[in-house]
Amino acid sequence: LSYMPELELLVLDGCKGITGTIEPISDLPHLEHINISATGLEGTLDPLSTLPSLKILYLNLCEKLEGTLDGLSDCVELRRLFISCHSSLTDFSGTLIPLANCTKLERLSIISSKQLTGTLGPLSKLIHLEELDLNNCTKLFGGLEPLTHCSKLIYLNLAYCTNIKGEILPLVDLHDLQLSEINIQMCKQIQDLKEITHYQAKFPTHNVAMFLDNRKKTSESHQERAKKFLGY
């Protein structure tokens, strides 16, 4: 990589034979798109702090990456971030605070990061956020209020975030009918049924897909959206 300093796109998705640290990536300041999902690369995200042009980052199923999200705090041009962990793999820790500087984020997906903790507070600065998926990030806690600042939010998945609490209706009302899909399965502390009844009565022509505990099946449209959201 040291021979390609002008490189803007790096895709190694599924190349499990590629090993070593991600340190060499720090020498590619023009990188805008990185996909190192399911590779054997290891280390922390700190080397990414030298990539001021980075806009898209895929880190799904990276077994040997670890540490916090601190290395992303200087990636101020970041638009899309995808991290999908697995219970048997190395997990990311720390909080969402480093993402507060990534104010241009439009799509944020951190799935099954069970060591990630803290509140949703840092997300209040992500005013361009359209899609948020924190499915199964079980140590996140606190209320939904920070998301009321994300006025462009369309898709919200907090399934199995069992320590998140609050009311859905204020969040929906403040998004001028843009929020069209919400998944709060197993979020027992989020008040939903009364809010949904009130919402549907108030806006009977607006179709909002609500995925709750009593909803046994996920619709095909939701599955397709999930695949699209993860970049499949």
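**Entry 1: ground rules**

I number residues from 1 along each chain as its sequence is written, and my side-chain values use heavy atoms, with hydrogens and water left out. Since I am working from a predicted model, I take local features at pLDDT of at least 70 and side-chain atom pairs only at pLDDT 80 or more, while totals for chains, interfaces and linings use all residues.

For cover, I call a residue buried under 20% relative accessible area, exposed over 50%, and partly exposed in between (1.4 Å probe, protein chains only). Helices (H or I, at least four residues) and strands (E, at least two) are DSSP runs, numbered from the N terminus.

**Entry 2: salt bridges**

I started with the charged pairs. Side chains of opposite charge can pair when their charged atoms come close. My cut-off asks for a side-chain nitrogen of Lys or Arg within 4 Å of a carboxyl oxygen of Asp or Glu. How many salt bridges does a search of the whole structure find? I noted 3 of them.

R79 meets E77 through their side chains, at 2.7 Å from N to O. R79 is partly exposed, because its relative accessibility is 24%. E77 is also listed as partly exposed, at 23%.

E77 has a salt bridge with K104 too, at 3.0 Å from N to O. This pair links distant parts of the chain: K104 sits in the loop between β7 (80–84) and β8 (107–111), and E77 in the loop between β6 (64–65) and β7, 27 residues apart. With 31% relative accessibility, K104 counts as partly exposed.

R107 and E131 are another pair on my list, at 3.9 Å from N to O. R107 belongs to strand β8 and E131 to strand β9 (residues 131–133), so this bridge ties together parts 24 residues apart in sequence. Are these two partners buried or exposed? R107 is buried at 12% relative accessible area, and E131 is buried at 13%.

I then looked for shared partners, and found E77, R79 and K104 joined into one network.

**Entry 3: cysteines**

Next I looked at sulfur. A disulfide is a covalent bond between the sulfur atoms of two cysteines. I counted a pair of cysteine sulfur atoms within 2.5 Å as one, and the structure holds 0.

C75 is buried, with 0% relative accessibility.

**Entry 4: surface patches**

For patches I took residues with over 30% relative accessible area and no salt bridge, joining like charges within 9 Å and nonpolar side chains (Val, Leu, Ile, Met, Phe, Trp, Tyr) within 5 Å. The areas come from the Shrake-Rupley method with a 1.4 Å probe, and for residues only the protein chains shown count as cover.

Which residues gather in a patch of negative charge? I wrote down E23, D27, D46 and D70, on the surface. E23 lies in the loop between β2 (19–21) and β3 (33–35), and is partly exposed at 46% relative accessibility.

There is a nonpolar surface patch too, made of L1, Y3 and M4, with about 370 Å² of accessible area together. L1 is in the segment before β1 (9–11) and is partly exposed, at 36% relative accessible area.

I190 is in strand β14 (residues 190–191) and is buried at 3% relative accessibility. I checked I190 against G166: they are 24 residues apart in sequence and 4.9 Å apart in space, C-alpha to C-alpha.

K188 is in the loop between β13 (181–183) and β14. Is K188 buried or exposed? K188 is exposed, with 60% relative accessible area.

Last, I looked up Y58, which is in strand β5 (residues 56–58) and is buried at 12%. Y58 and A38 are 20 residues apart in sequence, and their C-alpha atoms are 9.6 Å apart.

How values were computed. Lys, Arg positive; Asp, Glu negative; His and termini not counted. Charge placed at Lys NZ, Arg CZ, Asp CG, Glu CD.
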